[in-house]
Amino acid sequence: MAEGKVLLEIVTPQGLVFSEEVDEVTATGSEGEFGVLPGHVPFVTTLKIGVLACKKGSESKYFFVNWGYAEVGAEKVMILADSAERSEDIDLDRAMAAKKRAEERLKHAENVDFARAEAAIERAVMRSQVVESRRGK
Amino acid sequence: MATLRDIKRRIKAVESTSKITKAMKMVSAAKFRKAQQRMLEMRPYAERMNGILSSLASGAEGETHPLLMVRPRRNIEVLVMTSDRGLCGAFNTNIMKTATRHIDELRREGYEVTIDVVGRKARDYYKRRGIEMRKAWTGIAGKISYANAQEMAAEIIENYTNETTDEVVLIFNEFKSAIAQQVVISRLLPLAPIQAVEETLPIYNFIYEPSKQEIFSRLVPKNVEIQIFRALLESQASEEAARMAAMENATRAANDMIGSLTLQFNKARQASITKELMDIVGGVEAMKG
């Protein structure tokens, strides 16, 4: 293990998405956003639908995480997520289409599953944010 | 006696059948490899999740979660997993036979049984017999995603927590190897007690946010999702393996048939040649006379 690095591992039921040593990790926990630098105190939390960012040198990588569990140690961050996508793999058009569909559902039908539709909208919004944060760099 | 032309036509027909079964075998082989790959890919996730749950379960939290609590059984939900498509040997028959036997047994013992199915084959089976199903998930085979498993888990968990059902049982084909699948009946809910392990690194005092209990109760439903997802993938891999074997057998049977038909064809051709020769010889003899 290189000095001053954290090993970031993102595991989903579809396989290992990411496993690399990075300098810094930022994620959205259920109680708020948190950042991890090497030597962080051991820490366990769940993640909300949101952005996960990591920095390696001057290069930043962004992920969209759909629910997750995070276990942080001094030199390791393990994320177990339902699904995770790299920002470059996100299909923005599809996300926007999904958002529109969910909004239509909320507007018109009476017996819609609100929680589900809202979760769909949230996912779409976060996906687009992930893409934007990459473009912002 | 079949004429030469009849036999030839039959050979052609069997040949094209064997071409189809051979192609189907190749397709299943490719799909089978993919399904197996996906089973391997979800393994690290499942292993880590189990590890985490075990370490979180230390302490009293382990017994109090509603999904872990055993309560008196009255209504049992049975989830039967079959394929959407046929031509896979005894794959679906085995499942349905076991499921029917199991359900009958439960009913005889006086339990209420609710049936859920995955796959068109099981749905059609019960529909034909006029047996009521609560829910049928079809059309997901071949493109199983974790979201499918989540959707199914959400419904099952809801029924379980509002005490519509007191126990949930999965019946599916477990994947043993490419040539062996086995029908298993496994209990999904209540979940098997999670073995608590003492944290291996006692120096670490983890900070839990929001709380250990809260995190544990959020993770337990994941365990249900994983089990359903695993069962779906196993069933998928088994289906393709069973189809591969069935198509292999069909191809072999077709080739055997082509062999025996060719023999019959040659015999018939020889017989007709002989007959013609006899006629000619007979004719020549007659002219001599």
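## Burial and basis of the model

Of the 289 residues in chain B, 30% are buried, a residue being buried if 20 or more other C-beta atoms, placed from the backbone, lie within 10 Å of its own, exposed if 12 or fewer do, and partly exposed in between. This is a predicted model, in which local features need pLDDT of at least 70 and side-chain atom pairs count only at pLDDT 80 or more, while totals for chains, interfaces and linings use all residues. Residues are numbered from 1 along each chain as its sequence is written, and chains are lettered from A and ligands numbered from 1 in the order in which they are written.

## Overall form of chain B

Six helices and six strands make up the secondary structure of chain B, where helices (H or I, at least four residues) and strands (E, at least two) are DSSP runs numbered from the N terminus. Along the sequence their order is α-α-β-α-β-α-β-α-β-β-β-α. The radius of gyration of chain B, taken over C-alpha atoms, is 29 Å, well over the 19 Å that the globule rule gives for 289 residues, so chain B is more spread out than a compact globule; that rule is 2.2 Å times the number of residues to the power 0.38.

Along the principal axes, the C-alpha atoms of chain B fill a box of roughly 115 × 45 × 25 Å. Among contacts in chain B with a separation of 6 or more, 80% are between residues 24 or more positions apart, two residues being in contact if their C-beta atoms, placed from the backbone, lie within 7 Å.

## Parallel strands and their crossovers

Strand S1 (residues 75-81) of chain B pairs with strand S2 (residues 112-118) of chain B in the parallel sense over seven bridges, pairing requiring that DSSP find at least two bridges between the strands. B:Asn75 has B:Glu112 in S2(B) as its bridge partner. From S1(B) the chain passes through helix H3 (residues 91-108) of chain B to S2(B) in a right-handed β-α-β crossover, meaning that, with the strands pointing away from the viewer, the path from the first strand over the helix to the second runs clockwise.

S2(B) also pairs in the parallel sense with strand S3 (residues 135-137) of chain B, over three bridges, and B:Val118 stands opposite B:Trp137 in S3(B). The β-α-β crossover from S2(B) to S3(B), which runs through helix H4 (residues 120-128) of chain B, is right-handed.

## The surroundings of B:Ala153

B:Ala153 lies in helix H5 (residues 146-161) of chain B and counts as buried because it has 21 C-beta neighbours inside 10 Å. Leaving aside neighbours within four places in sequence, B:Ala153 is in contact with B:Pro221, B:Val224, B:Glu225 and B:Ile228. B:Ala153 and B:Pro221 are 68 residues apart in sequence, yet their C-alpha atoms are 7.9 Å apart in space.
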